[in-house]
Amino acid sequence: MSKPIEYQENLVPYTHDELMAKVAAKLTPARYQHCLRVEQTARELAAANGVDPELAAITGLLHDYAKQRDDATFIELIKTRGLDPELVHYGNGVWHGVVGAELIKDELHIANEDILQAVRLHTVGAPYMSKLAQITFMADFIEPNRDFPGVEEARKLTKQSLTAGVRYQIQHTLAYLVEKGQAVYPQTLATYNAWVGGVGTVTTK
C-alpha cells in the first residue's frame with residue numbers, strides 16, 4: 001500500500017485528505033478516481049521534468065473539480081467575470097477548465113495562479129504553456145485508465161519529451177474535433193498552430 005501523501009509546502013489551505021474530500025464531494029466516484037490517477041501521473045511527470053511534484057499533484061487532483069457543474073453555472077461565470085464572451089458558444093469540454101478555475105477560487109479559496117492557469121489550460125492548451133500546465137495537460141490525457149487509439153504513442157512520446165507529448169495531444173484533439181464536426185475553440189486552434197503548425201514560438205521553460 002502506498003504511503004499517504006502529506007502536503008509540506010502550504011500551497012493550498014488544506015491537508016491532502018481534506019482536499020481529496022472536497023474534490024470527491026463535487027464529482028461522481030468514477031470521475032473522482034480519474035482525478036486521483038491524474039494526480040499520481042502528474043506527480044510522476046513532475047519528478048521526471050524538474051517540476052515541484054507537490055504542485056503538480058495538487059493541480060492534477062483539482063483539474064476536473066468543475067467537470068460536473070450545470071451549463072447555467074458556467075454561463076453565469078462567463079458573463080460576470082469578464083471572460084471571453086465567445087466561450088458561451090462552447091460546452092463543458094472547454095468550460096470545465098477555462099471557467100472551472102473560477103469555481104476553484106470561489107469555493108476552495110485557492111489563489112495560486114500557477115495551479116489555476118494549469119487548470120484553465122488543460123482543456124484547450126495555449127501557445128505558451130508552463131511546464132506545470134504541460135504536465136497537467138498530458139497527465140489527464142495519458143493516465144493509466146485512458147484507452148483510445150494512440151494513447152500508447154502519447155505515453156511513449158511524453159516519456160521522451162513533454163513538448164513531444166503536447167504536440168501529439170493537440171494534433172490528436174484537433175483531428176478528433178474535425179472528424180466529429182465539432183466547433184474548435186479559437187485558443188485550441190492557436191495552440192495547434194504554435195505547437196504543430198510552426199506559427200509562433202513554443203516556450204517550455
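Are Phe74 and Trp95 buried or exposed? In this predicted model, both residues are buried, where buried stands for under 20% relative accessible area, exposed for over 50% and partly exposed for what falls in between (1.4 Å probe, protein chains only). Because the model is predicted, local features need pLDDT of at least 70 and side-chain atom pairs count only at pLDDT 80 or more, while totals for chains, interfaces and linings use all residues. Residues are numbered from 1 along each chain as its sequence is written, and side-chain values use heavy atoms, with hydrogens and water left out.

The structure holds three aromatic pairs, a pair being rings of Phe, Tyr or Trp (its six-membered ring) with centres within 6.5 Å; planes under 30 degrees apart are called stacked, over 60 edge-to-face and the rest tilted. Phe74 and Trp95 form a tilted pair, 5.8 Å centre to centre with 40° between the planes. Phe74 belongs to helix α4 (residues 71-80) and Trp95 to helix α5, so the pair ties together parts that are 21 residues apart in sequence. Helices (H or I, at least four residues) and strands (E, at least two) are DSSP runs numbered from the N terminus. Another tilted pair joins Phe141 and Phe148, at 4.9 Å centre to centre and 50° between the planes. Phe141 is buried, with a relative accessible area of 10%.

Helix α5 also holds Gly97, which is buried at 0% relative accessibility. Beyond its neighbours within four places in sequence, Gly97 is in contact (heavy atoms within 4.5 Å) with Val119, Arg120, His122 and Thr123. The C-alpha atoms of Gly97 and Lys67 are 7.8 Å apart, although 30 residues separate them along the chain.

Now to the open space. The largest pocket has a volume of about 760 Å³. A pocket is an open set of points on a 1 Å grid over the protein atoms alone, where a 1.4 Å probe fits, with protein on both sides within 12 Å along at least five of seven lines; lining residues have an atom within 4 Å of a point. Of the 27 lining residues, Gly93, Thr123, Gln169, Thr173 and Tyr176 are the closest to the centre of the largest pocket. Two or more lining residues come from each of α5 (92-98), α8 (131-142) and α10 (162-179), and α10 gives the largest share, six residues.

Key. Grid points are joined across faces, edges and corners, and a volume is the space filled by probe spheres set on the points.
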